[in-house]
Amino acid sequence: MKRMFAAAGLTAALAVAGCGQSPAPESAAADDAAADAAAGAAPVAASASPEPPAVAARPAATGAPAFAVIYPGGTPTGPATVAQGPAGPGGIVSFTTASSPDAVIAYYRKTAETAGLSSVMAMNQGDARAYGAAAEDNSGKLLRVVATPVDGGTTSVQLDWTTGK
């Protein structure tokens, strides 16, 4: 239960941190990687993309954009919550998977980039991983993912998105 509250708090922090920011320049990204290394956190490598299970990803909710899908083989813990906001429709869904947090984040990074979104943040906190991507065209498209390992070897994932205007 504490981990779910921690994941929810982390997602809220990501929402605030990701609002209105443009992608970091490469020199800032290098500084971030150095800071992560100094803090003892392993950086989330863009090139490390373990393959997800050979199961098709499904939309996180009816009308969700192509980048808002349940990780292949993921099991939702409940229905997605969807709403209309200033940046367009969006939602949030939680699920579990047998894959590692690193594999989950690598999958969503690739999915976001394929959909034309740019990385705006990445964070490692202990074994938990977080990632955020947004459209550079000010359309409001946004993806945030928090992946946390839980007892039993599974990973708890919280995915939220905004479809944009």
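A residue is called buried when its relative accessible area is under 20%, exposed when this is over 50%, and partly exposed in between (1.4 Å probe, protein chains only). By this definition, buried residues account for 41% of the 165 residues in the protein chain. The structure is a predicted model, in which local features need pLDDT of at least 70 and side-chain atom pairs count only at pLDDT 80 or more, while totals for chains, interfaces and linings use all residues. Residues are numbered from 1 along each chain as its sequence is written, and side-chain values use heavy atoms, with hydrogens and water left out.

The protein chain holds three helices and nine strands; helices (H or I, at least four residues) and strands (E, at least two) are DSSP runs, numbered from the N terminus. Read from that end, the order is α-α-β-β-β-β-β-α-β-β-β-β.

Helix 3 deserves a visit of its own. Ten of its 14 residues are buried, so helix 3 is largely enclosed by the rest of the structure. Among them are Tyr 107, Tyr 108 and Arg 109. The buried residues of helix 3 pack against several strands, including strand 5 (88-97) and strand 8 (142-149), where contact means heavy atoms within 4.5 Å. After helix 3 comes Gly 116, with a positive phi near 90 degrees.

Next, strand 6 and strand 7 pair in the antiparallel sense over seven bridges; two strands pair if DSSP finds at least two bridges between them. Within this pairing, Ala 122 of strand 6 (118-125) stands opposite Tyr 131 in strand 7. The two strands form a hairpin with two residues between them, and Gly 126 in the turn has a positive phi of about 65 degrees.
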